[in-house]
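I keep these notes as a record of what I looked up, entry by entry.

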Amino acid sequence: MAFRIAPSILSANFARLGDEVEAVVRAGADLVHFDVMDNHYVPNLTVGPLVCEAIRPLVKVPIDVHLMVKPVDRIVPDFARAGANIISFHPEASEHVDRTIGVIKDAGCKAGLVLNPATPLSYLDYVLDKLDLVLVMSVNPGFGGQSFIPATLQKLRAIRERIAGRDIWLEVDGGIKVDNIRAAAEAGADTFVAGSAIFGTSDYAATIAAMRAQLTLAAQ
Ligand code: DX5
Ligand code: ZN
């Protein structure tokens with residue numbers, strides 16, 4: 001299985017965002033995770049398409065946009081134009097989940113559905129085959145630096161079973177560190193968002209390498 005590490009720029013130094021994004025990609029990031037918060041769907045406010053467009057030319061890796069905004073549809077084409085490769089959204093933030101998936105795909109991006117800790121898997125019942133990614137929140141969305149919720153592991157296992165052999169990424173987001181990334185991988189995740197665990201350390205490459213070493217153990 002291919003494992004991907006997606007540093008969340010939420011924990012980067014925003015005064016030096018371009019340098020931070022370049023540094024984390026040099027350090028081995030597979031994706032750049034871009035958290036968009038609107039102070040409405042979640043109680044925090046971050047960045048929008050302008051910032052996505054500004055970092056786009058700096059890196060070649062895919063930009064993984066995590067929308068924590070309500071409504072969703074109107075802003076999707078803006079992110080696609082700003083260079084997003086993957087756009088994920090929360091079903092509770094969209095009146096028409098199937099339509100929103102279509103809006104993302106029509107904009108030329110891969111589509112992901114995000115499940116909060118209390119969101120049931122039934123949201124996947126009729127749309128799983130249309131998704132490129134399922135993003136499982138292991139914290140309640142809105143802030144970096146929160147603790148991993150252990151029940152996520154069971155949820156990852158259940159979703160991995162539903163995905164079966166399909167080419168759908170299973171991403172986990174929130175509280176991922178060197179000491180729990182292996183458990184998340186063993187539960188079925190293949191893509192790992194980590195904000196504070198990477199940007200909170202002085203040597204991003206060493207931290208990403210330590211995460212990969214844990215993932216290698218998970219693969220054995
Ligand atoms: C939380 C965001 C996460 C956050 C993760 O709402 O979706 O991507 O940045 O941060 P850490 O890894 O510090 O929990
Ligand atoms: Zn996120």
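Which residues coordinate the zinc ion (ligand 2)? I found His33 through NE2, Asp35 through OD, His66 through ND1 and Asp173 through OD, at 2.0 to 2.3 Å, where donors are N, O and S atoms within 2.8 Å of the metal (3.2 Å for Na, K and Ca), and water is not among the atoms, so sites may look incomplete.

**Conventions.** I note that this is a predicted model, in which local features need pLDDT of at least 70 and side-chain atom pairs count only at pLDDT 80 or more, while totals for chains, interfaces and linings use all residues. Residues are numbered from 1 along each chain as its sequence is written, chains are lettered from A and ligands numbered from 1 in the order in which they are written, and side-chain values use heavy atoms, with hydrogens and water left out.

**Zinc site.** I looked up the geometry next: the site of the zinc ion (ligand 2) is octahedral, with angles of 70 to 170° among its six donor atoms. The label octahedral applies to six donors if opposite donors are over 155 degrees apart and all others between 65 and 115. For reference, ideal angles for six octahedral donors are 90 or 180 degrees. Along the sequence, I read the spacing of the donor residues as H-x1-D-x30-H-x106-D. The two histidines link distant parts of the chain, since histidine 33 sits in strand E2 and histidine 66 in strand E3 (residues 63-68), 33 residues apart; helices (H or I, at least four residues) and strands (E, at least two) are DSSP runs, numbered from the N terminus. Histidine 33 and histidine 66 are both buried, which means under 20% relative accessible area, whereas exposed is over 50% and partly exposed in between (1.4 Å probe, protein chains only).

**Aspartate 35.** Aspartate 35 is buried but has no salt bridge, and the nearest side chain of opposite charge, that of lysine 177, is 12 Å away. In this count Lys and Arg are positive and Asp and Glu negative, with His and the chain ends not counted. A salt bridge, here and below, is a side-chain nitrogen of Lys or Arg within 4 Å of a carboxyl oxygen of Asp or Glu. The side chain of aspartate 35 does make polar contacts, one of 2.6 Å with the side chain of serine 8 and one of 3.0 Å with the side chain of histidine 66. A polar contact is a pair of N or O atoms within 3.5 Å; within protein, one must be able to donate a hydrogen and the other to accept it, and residues adjacent in sequence count only if both atoms are side-chain atoms.

**Salt bridges.** How many salt bridges does the structure hold? I noted 11. One of them joins arginine 4 and aspartate 190, with the closest N and O atoms 3.3 Å apart. Arginine 4 lies in strand E1 (residues 4-7) and aspartate 190 in the loop between helix H6 (181-186) and strand E8 (191-194), so this pair ties together parts that are 186 residues apart in sequence. Arginine 4 and aspartate 190 are both buried.

A second bridge that I checked joins arginine 166 and aspartate 129 at 2.5 Å, N to O. Arginine 166 is in the loop between helix H5 (152-163) and strand E7 (169-173), and aspartate 129 in the loop between strand E5 (110-115) and strand E6 (133-137), so parts 37 residues apart in sequence are tied together. Arginine 166 is partly exposed at 35% relative accessibility, whereas aspartate 129 is exposed at 63%.

**Backbone.** Where is the peptide bond cis? I found it from lysine 70 to proline 71, with omega near 0°, and proline 71 lies in the loop between E3 and helix H3 (76-81). Asparagine 39, in the loop between E2 and helix H2 (49-55), has phi near 55°, a positive value in a residue other than glycine. Alanine 164, in the loop between H5 and E7, likewise has a positive phi, near 50°.

How values were computed. Four donors count as tetrahedral if all angles lie between 85 and 135 degrees; four count as square planar and six as octahedral if opposite donors are over 155 degrees apart and all others between 65 and 115; anything else is irregular.
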